[in-house]
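Hi,

Here is the structure I promised to pass on. Have a look at it first, and my notes follow below.

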Number of protein chains: 2
Amino acid sequence: MKSSKPLEGLKVLDMTRVLAGPYATMILSDLGAEVLKVEMPGTGDDSRHFGPFKNGRSLYFLSINRGKHSMTLNLKTDEGKDILRKLVARYDMVVENFRPGVMEKLGLGYEELKKINPGLIYAAASGYGHSGPESKKPAYDILAQAEGGLMGITGWPGEAPVRVGCSIGDITAGLFASIGILAALHQRNATGLGQKIDVAMLDCQVAILENALARYQATGENPEPLGNRHPTITPFQAYQAKDDWFVVAMGNDNLWKTFCTATERPDLAEDPRFATNPARTENLEALNALMDPLMAERTVQEWSELFSEVGIPHARINKVEQIMKSPQVIARNMLASVEDSLAGTVQVAGNPVKMSGFEDSTERPPLPELGEHTRDVLTGLGYSQEAIQALQDQGVI
Amino acid sequence: MKSSKPLEGLKVLDMTRVLAGPYATMILSDLGAEVLKVEMPGTGDDSRHFGPFKNGRSLYFLSINRGKHSMTLNLKTDEGKDILRKLVARYDMVVENFRPGVMEKLGLGYEELKKINPGLIYAAASGYGHSGPESKKPAYDILAQAEGGLMGITGWPGEAPVRVGCSIGDITAGLFASIGILAALHQRNATGLGQKIDVAMLDCQVAILENALARYQATGENPEPLGNRHPTITPFQAYQAKDDWFVVAMGNDNLWKTFCTATERPDLAEDPRFATNPARTENLEALNALMDPLMAERTVQEWSELFSEVGIPHARINKVEQIMKSPQVIARNMLASVEDSLAGTVQVAGNPVKMSGFEDSTERPPLPELGEHTRDVLTGLGYSQEAIQALQDQGVI
């Protein structure tokens, strides 16, 4: 019984750019909301100009903005502000990721906008948040990863720090902002009132540190990066096979015995240094002196076949090419296609929130050209063709 | 005008353990939902037995389960299943992170439970999802990070792969599951009907790959790990100061000029190899041959003062100890305390979703002992003290 997407009928005014904000509105869009991007005339969202490009189209921009609508609006003009206020009266949500204070300076802060629409849900994603002594510092993903602690526990001990390979600072801010928006929506269904949601990249990094805070408090020592291994389970890490790296994860002593039997290494099974998980963790170096050459004897494919047969958890360390061919990824509809007027067919990540209430499509509506929907939106607000032309001549749209 | 938390009045039946599921129900709890953990008599959530410990208390478990209620229930017994069905009739949501098929084998799959409560929102978090050829493979965070591609783009090119220092596979599954639950809640407010949400760690990893899919499609080459630098902006990376590593991020040519002036290095400013951002990225190696010794001349504190003065974005690579003292982290209420009967006062991560509708508290209710609320819950279902005693004698609770 597939019916409709859960957020159908909701209208989002999307004043975001680059990543954290657009990621949040992409999630809302994938769940059925109608999203209107409000962009600066001429330039639009900065990320329209970010590589990688294909036939002049930013695939960066396309990946997270497909299916949204776009209108241009210069918010520094009085007419632009007027139009925005008219839209706010008709929309359910505003999402923005300006530096804190920018919307207030424009006269468009939450306190102003809620006077126009008390039901408005207003979500702000920023680097350091809308309060605190460092609120207005410039923010980039790498700064949040560094200050928030994730960089300090990622990489190899004693070596150069490593940044997580995706902009996890921006993305987690987008995810928590979405959660705040939807929680506020539930409350609004009861009260009729909206509220402001203020999500900081820095806060989100602290929120995902997992047991690092606990480890510090238990031991008084700062958690250090661990490369690719598990702190207390062994072997549970990446090894280099004959042809490539891969991961094995033996979560208990039975799996270790299975491994020793399957690899025909009774010497490992009988070695008291490796008899229990705590012993293996304690003697990690000695263990890996034996594991490394053993793992190098066969290819990832050969190990994969053996380990699948005997039930030892393992995984390839996939490159993007392999992910795009993965039967499981494809079966889960995690690759969706966008037909783009310039770039042709582009694959983007699917929606990981699979809900029984609606059919999970592998097609996404196309990317909006900058300002593609400006005229429609203004006509909907009651502007005449002449008035729209005048706004264009004045650089308002 | 602070009123109530957005999810107050909602009741969550929490059949989760370890991380992805408990992380989702922690978010729901922080936003006001009442969460009842259903745990196996005797052992409970596996992570009650995971380190780090303080006075015998698992701080791992405490960090993400504070404030929930706990009842014991052996779901392999008929009486246990009966009690669960009675609870399902009275609860808004079930969240579970068993391996796909486990709930069905118990006779407690979504299709069964929705017959009891058509409004039930049922969220399942798993490694590979409830569909597809690899659905039932065992899953750990490190396997999702490896197969989902994040590990393949994190670390240093040509070196051993790096696992992100927190369990980002589990955590993103918890975040997307929360989003699905809240979206379903909005729809239920209109239709009265619940639905099943199926979130896979693997899918979530693909969803956070950011521009990696785009880069592959634009160039035909697999994105490689980049250590700690930005792919196309330079300098935008970690450098080693006299005493420690830190991050600088010069997003444009003006900042580069500011940097050269502030560090009194006209030679860098005038070098045509470094005149524009594309040139600096192209000549990264030559640039860093000059940047590395320059950055090593002063301490992080000295650089921080200079860069703050002239407006160059930069950040310390904080250890946990520094995060726990950070004025911004503290001002944002991102450290909350739990008073625990065994471990004393423990700091846990606060809620990063700041909402104007309710006061953001820095206190969290205590951790439930295993089965602390069993009697209350059963009494609420109408069980007599004798009946409860009998259930206990039979090992049902």
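**What lines the cavities**

α8 (201-207) and α9 (212-219) of chain A, along with α1 (20-30), α2 (59-65) and β13 (344-349) of chain B, each give at least two residues to the lining of the largest cavity. Helices here are DSSP runs of H or I with at least four residues, strands are runs of E with at least two, and both are numbered from the N terminus. A cavity is a set of points on a 1 Å grid over the protein atoms alone where a 1.4 Å probe fits but cannot get out, and its lining residues have an atom within 4 Å of a point.

Before going on, a word on conventions. This is a predicted model, in which local features need pLDDT of at least 70 and side-chain atom pairs count only at pLDDT 80 or more, while totals for chains, interfaces and linings use all residues. Residues are numbered from 1 along each chain as its sequence is written, chains are lettered from A and ligands numbered from 1 in the order in which they are written, and side-chain values use heavy atoms, with hydrogens and water left out.

Back to the cavities: the whole structure has five of 30 Å³ or more. The largest holds about 230 Å³, where a volume is the space filled by probe spheres set on the grid points, joined across faces, edges and corners. Its lining has 23 residues, and Ala207(A), Met26(B), Ser63(B), Ile64(B) and Ala349(B) lie nearest the centre. α1(B) supplies the largest share, four residues. By class, the lining of the largest cavity comprises 15 nonpolar, five polar and three charged residues; Ala, Val, Leu, Ile, Met, Phe, Trp, Tyr, Cys and Pro count as nonpolar, Asp, Glu, Lys and Arg as charged, and the others, Gly among them, as polar.

The second largest cavity has a volume of about 180 Å³. It is lined by 21 residues, with Tyr23(A), Met26(A), Ser63(A), Ala349(A) and Ala207(B) closest to its centre. Two or more lining residues come from each of α1 (20-30), α2 (59-65) and β13 (344-349) of chain A and α8 (201-207) and α9 (212-219) of chain B. α1(A) gives the most, four residues.

**Two buried residues**

Thr77(A) sits in the loop between β5 (69-72) and α3 (78-90) of chain A. Its relative accessible area is 18%, so Thr77(A) is buried (under 20%, with exposed meaning over 50% and partly exposed in between, for a 1.4 Å probe and protein chains only). A polar atom of the Thr77(A) side chain lies 2.8 Å from the backbone oxygen of Asn74(A), and one lies 2.9 Å from the backbone nitrogen of Gly80(A).

Arg163(B) is in the loop between α6 (141-147) and α7 (168-191) of chain B, and is buried at 14% relative accessibility. Its side chain makes a polar contact with the side chain of Asp141(B) at 3.2 Å (a pair of N or O atoms within 3.5 Å, one able to donate a hydrogen and the other to accept it; residues adjacent in sequence count only if both atoms are side-chain atoms). Beyond neighbours within four places in sequence, the contacts of Arg163(B) include Thr154(A), Gly227(A) and Asn228(A) (heavy atoms within 4.5 Å).

**Chain A overall**

Chain A has 18 helices and 15 strands, and 61% of its 397 residues count as buried.

Best wishes

Key:
On a 1 Å grid over the protein atoms alone, a cavity is a set of points where a 1.4 Å probe fits but cannot get out, and a pocket is an open set with protein on both sides within 12 Å along at least five of seven lines; lining residues have an atom within 4 Å of a point.
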